[in-house]
Amino acid sequence: MDNQVAMEFAGANIVWLLLAAFVILCILLGVRIVPQSEKFVVERFGRLRTVLGPGINLIVPFIDKVRHRISILERQLPDATQDAITSDNVLVQVETSVFYRILEPEKTVYRIRDVDGAIATTVAGIVRAAIGRMELDEVQSNRSELIGEIKSNVEDAVDNWGIEVTRAEILDVNLDEATRQAMLQQLNAERARRALVTEAEGQRRAVELQADAELYAAEQAAKARRIAADAEAYATGVVAKAIQDNGIEAAQYQVALKQVEALTAVGKGEGKQTVILPANALDAFADAFKMLMGSR
């Protein structure tokens, strides 16, 4: 009895039940909630209709279809190694890493099939071209400039794919063993040359300082002799003035004074037990004393 009532009720309200199911289905198909890290590409009859951003979005049920769900998070390509030849014909192996993110999914899904492979191939070609214009020393010393050039060129190449290259890094530049040995020998030779130059500079500086010291000593000796000569000239002038004013007595006094000084110097000699005085030594002392007393 209950089953019959239920069937009668369903038969009488089948249209409303189907209508309710249809409405629920339309709501489920027409409402799309997009996560913050993704964008949805919507097609209508096989053609691009719109791109849904994060949040709640409405589409036309049964007509619009979400064909692609694209992550907009930053991605990193697998580290790649490619051979390159520098302008001075040195073979190097360059290890690179590239980071990118998709900004315009409608370009990415309709213009390129394998995004990672396309970017890796583009980076390899750009790296070879950039290193081919540089010498090995420039590759080692100007790595930051090389990274900037690679990033700029990759950005220009992938612009039509709706992709932004956020970072491009050169992780390592490897050389073959023969080149490594040659560079090591060159480095050792350069170090030896610098050591010799430093030693020569030190010796030259020592000679210069020694010459400066000798020149300074000679200048000081000459200055001392000049002062002594000035003093001697002054003393001679005083004596000459005294002779001019006092006559021959002043000259005799000066001679006697010199004799006394000479005898005193002889008496101060080391190891001298006996001092021989000339016969008129005492007379010289006496004359000097008399002249001194007379001048007073």
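**Close-up 1. F45 counts as exposed, because its relative accessibility is 70%.** That puts F45 past the cut-off, since exposed means over 50% relative accessible area. This is a predicted model, so read the numbers here as computed from it. F45 sits in the loop between β2 (38-44) and β3 (47-52). Its backbone is worth a look too: phi of F45 is near 55°, a positive value in a residue other than glycine.

**Close-up 2. F62 is another non-glycine residue with a positive phi, near 70°.** You'll find F62 in the loop between β4 (55-58) and β5 (64-71). With a relative accessibility of 44%, F62 counts as partly exposed.

**Close-up 3. F22 and F62 make a stacked aromatic pair.** The count of aromatic pairs comes to one. For F22 and F62, the distance is 5.9 Å centre to centre, with 5° between the planes. The stacked label follows because planes under 30 degrees apart count as stacked. The pair ties together distant parts of the chain, 40 residues apart: F22 belongs to helix α1 (residues 2-30), while F62 is in the loop between β4 and β5. F22 counts as partly exposed, at 44% relative accessibility.

**Close-up 4. A patch of negative charge gathers D88, E135, D137 and E138 on the surface.** One of these residues, E138, lies in helix α4 (residues 136-141). E138 counts as partly exposed, because its relative accessibility is 34%.

Conventions:
Residues numbered from 1 in each chain as written. Predicted model: local features only at pLDDT ≥ 70, side-chain atom pairs only at ≥ 80, totals over all residues. Heavy atoms only, no water. Helix = DSSP H or I, 4+ residues; strand = E, 2+ residues; numbered from the N terminus. Buried < 20%, exposed > 50% of the residue type's maximum accessible area, 1.4 Å probe, protein only. Patch = residues over 30% accessible without salt bridge, like charges linked within 9 Å, V, L, I, M, F, W, Y side chains within 5 Å. Areas by Shrake-Rupley, 256 points an atom, 1.4 Å probe, with all protein chains shown as cover. Salt bridge = Lys/Arg side-chain N within 4 Å of Asp/Glu carboxyl O. Lys, Arg positive; Asp, Glu negative; His and termini not counted. Charge placed at Lys NZ, Arg CZ, Asp CG, Glu CD. Phe/Tyr/Trp six-rings, centres within 6.5 Å; stacked < 30°, edge-to-face > 60°.
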